[in-house]
Amino acid sequence: MNGHELTTSSPRQSKNETDANQFVLTFENNRYASELFGQFDQNLKLLEQRLHIDARARGNSVSISGDVVATGQARRALDYLYDRLQKGGSIELSDVDGAIRMAIAADDQLSLPTMERKAKLTMSQISTRKKTIAARTPTQDTYIRALERSELVFGVGPAGTGKTYLAVAYAAQLLERGAVDRIILSRPAVEAGERLGFLPGDMKEKVDPYLRPLYDALYDMMPGDKVERAITAGVIEIAPLAFMRGRTLANAAVILDEAQNTTSMQMKMFLTRLGENGRMIVTGDPSQVDLPRGVKSGLVEALQILKGVEGVSVVRFKDVDVVRHPMVARIVRAYEAQTAVQDESEQMDR
């Protein structure tokens, strides 16, 4: 964000700006400035590493110098994070990383609807009483917007991109706001089918281990006691695919996770459960199909069949969208490269 573009009401001021590559940002609130810079200036160090700039804090000011594009991205990221603190939010290192990603996207993807070049940085958010989550990548931003506008959303891509977490968070938001009456969580209980009978315990106990990632997201977005009461009351329901046949899921946010391991019949059955005022979110990674050889993934087939259907949105995540440890993104890229080599070798052998 250009220093001369700051409004008079903004608490940030730019001074001693001799050229476009060097400026000083001053923040009025000392406590917020300290949180913005991070413990031992760790947030500024991340800015330096990611954007290849120099950022030096002194009191409630920070001097930024470097490439003209990179310094502009640093300004937009800091401006967004400071506004977040002013609105009562908090900042973790992952939030700083997300702000940097989105600031870079403001230059790289000018068509992105949430960006204005050289202007204020904004991100789509999901909010409950307990927590507010902001998009950390352009694809996450697109995903949240798709969840808001479409009745059926497919979020597909590698692990660690936030597709399942954001789906559960959005469902929790809908439930808390009264937009839906219940949340229904579903996932293939075993890789190749719904063979649950041999497992001990009731149905919840049988599938709980497979749904743990969904539970984790729920507990992040809602108080634990409310989650437990909602499960007991059936407001949050665990529904394995085998038990959904014949039902109509109205006034519900329905999530199918690990959908790449559904068969074609299971996927069609699941999708046709959508009822009035229902929202359905399907997540999975088409590259991680664990079905028996020769059995086509219901997710892969659905993405082909439903392409262009009104009310259906498909958001595809890539390795660059991984928001876990940076090593995860490198691991994903390495496996994808190996898969590409194997596919090419198989084609040559035919």
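**Helix packing, sheet order and aromatic pairs**

Trainee: At what angle to β7 does helix α11 run?

Mentor: Helix α11, residues 298–305, lies across β7 (152–156), β11 (279–284) and β12. The model is a predicted one. The direction of α11 relative to β7 is about 125°.

Trainee: Which strands form the edges of the open sheet?

Mentor: The open sheet has 6 strands with parallel pairing, in the order β9-β8-β10-β11-β7-β12. From one strand to the next the twist averages 15°.

Trainee: Which residue of β10 is the bridge partner of Ile184?

Mentor: Strand β8 (residues 182–186) pairs with strand β10 (residues 252–256) in the parallel sense, over 5 bridges. Within β10, the bridge partner of Ile184 is Val254.

Trainee: Is Thr128 buried or exposed?

Mentor: Thr128 sits in the loop between β5 (125–127) and β6 (132–134). Leaving aside residues up to four places away in sequence, Thr128 touches Ala172, Gln173, Glu176 and Met221. Its relative accessible area is 9%, and under 20% counts as buried. Thr128 is therefore buried.

Trainee: How are α1 and α2 oriented to each other?

Mentor: The axes of helix α1 (residues 30–37) and helix α2 (residues 42–51) come within 5 Å and cross at roughly 45°. The contact involves Glu35, Leu36 and Phe37 of α1 with Gln42, Asn43 and Leu44 of α2; these residues divide into 3 nonpolar, 2 polar and 1 charged. An angle under 35 degrees would count as roughly parallel, and 65 to 115 as roughly perpendicular. The orientation of α1 and α2 is therefore oblique.

Trainee: What kind of pair do the rings of Phe27 and Tyr82 form?

Mentor: The structure holds 4 aromatic pairs. For Phe27 and Tyr82, the ring centres are 4.8 Å apart and the planes stand at 40°, so the pair is tilted. The two residues are 55 residues apart, Phe27 in strand β2 (residues 22–27) and Tyr82 in helix α3 (residues 68–86). Their pair type is tilted.

Trainee: What kind of pair do Tyr32 and Tyr82 form?

Mentor: Both Tyr32 and Tyr82 are buried, Tyr82 with a relative accessible area of 1%. Their ring centres lie 6.2 Å apart and their planes are at 80°. Planes over 60 degrees apart count as edge-to-face. The Tyr32 and Tyr82 pair is therefore edge-to-face.

Note on methods: Residues numbered from 1 in each chain as written. Predicted model: local features only at pLDDT ≥ 70, side-chain atom pairs only at ≥ 80, totals over all residues. Heavy atoms only, no water. Pairing = 2+ DSSP bridges. Helix = DSSP H or I, 4+ residues; strand = E, 2+ residues; numbered from the N terminus. Axes fitted to C-alpha atoms, helices over the stretch in contact; angles between N-to-C directions. Contact = heavy atoms within 4.5 Å. Buried < 20%, exposed > 50% of the residue type's maximum accessible area, 1.4 Å probe, protein only. Parallel < 35°, antiparallel > 145°, perpendicular 65-115°, else oblique. Nonpolar A, V, L, I, M, F, W, Y, C, P; charged D, E, K, R; others polar. Phe/Tyr/Trp six-rings, centres within 6.5 Å; stacked < 30°, edge-to-face > 60°.
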